[in-house]
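Let's walk through this one together, starting with the overall fold and ending with a couple of backbone details.

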Amino acid sequence: MKKNTVQETLLFPLVGRAKCYIDWPKVFEDKESLEILNQIGINPEDRELSKIGNLLYGIRHHINVKLAKDFIMEHPKAHVVNLGCGLDSIFKKIDNGKIKYYNLDFPDVIELRNNYFPITNREYNLAYSMLDYKWMDEINYKIEDGIIFLCAGVLYYLKVNEVKDMIKAMSERFPKGRLTFDNEPPKMIEKSNKAIKKSGIEQATLHFKIKNPYDIKNWSDYIENVMILEDFSKDLPNKKYLSLWAKVLLKIINKKKYVYQMIIDFK
């Protein structure tokens, strides 16, 4: 992967997760992230990411795993769709032997995944932009099965009207479905863009900025409820093993609401 490219950003979550596992293995049980990087031929110690970024990548992955597991407990035959999956690998952590799992991303990303992650039984690769709604036709959804869409660190790159139209389309096509994604307030988006520009990856500008996330409920008549998980680290296990700086940082993040998790339920 070439440096300072959008493709290289696919490594960031993996590197962040791996460093969390290396630093706090009792908190982040994520040996798999390190194994994937080894398979690709990447040493996480050779990649310079901020400590804050690493921590947030680790927590974000943990949140998505937990939200997926909670949903599957209520819907054992659920469809789980990873929107903008990148090089993520949640399926193995949540599989109960019955769910159907979909990796959705651009064709070049899916091609890259195929080099390292052969798909398994009940796992499907969807080579589409999430804004190309043809991917919705690939999911044989039955309302009694349930469906959850995981979207980690992706919607930031889309414009508000693009996200609005996509959520509206999803709410109409997948009744009783659930969408979850992480988000930041506009001021944090601006700070993130400054950091991205400084890194030299100008193509990765963040666009999705909304002042009041609860306004999303008005985006579609088929949205039943909008919830916000403001304590980003609430369900993180064994937090006592975190470094002091990490504990302090998490308190600041939660108090200032620098990052939060959205959960949107469809009618």
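What follows goes from the whole chain down to single residues.

This is a predicted model, in which local features need pLDDT of at least 70 and side-chain atom pairs count only at pLDDT 80 or more, while totals for chains, interfaces and linings use all residues. Residues are numbered from 1 along each chain as its sequence is written, and side-chain values use heavy atoms, with hydrogens and water left out.

The chain has eight helices and seven strands (DSSP runs, H or I of at least four residues for helices and E of at least two for strands, numbered from the N terminus). Its radius of gyration is 18 Å, close to the 18 Å that the globule rule gives for 267 residues, so the chain is as compact as a globular protein of that length (the radius is taken over C-alpha atoms, and the rule is 2.2 Å times the number of residues to the power 0.38). Along the principal axes, the C-alpha trace spans about 45 × 40 × 35 Å.

How much of the chain is buried? Of the 267 residues, 51% count as such (under 20% relative accessible area, with exposed over 50% and partly exposed in between, using a 1.4 Å probe and protein chains only).

Now for the backbone. Most residues other than glycine have a negative phi. Lys176, not a glycine, has a positive phi of about 65°; it sits in the loop between α6 (160–173) and β5 (178–183) and is partly exposed, at 46% relative accessibility. Asn238, also no glycine, has a positive phi of about 55°. You'll find Asn238 in the loop between β6 (223–229) and α8 (244–256), partly exposed at 38% relative accessibility.
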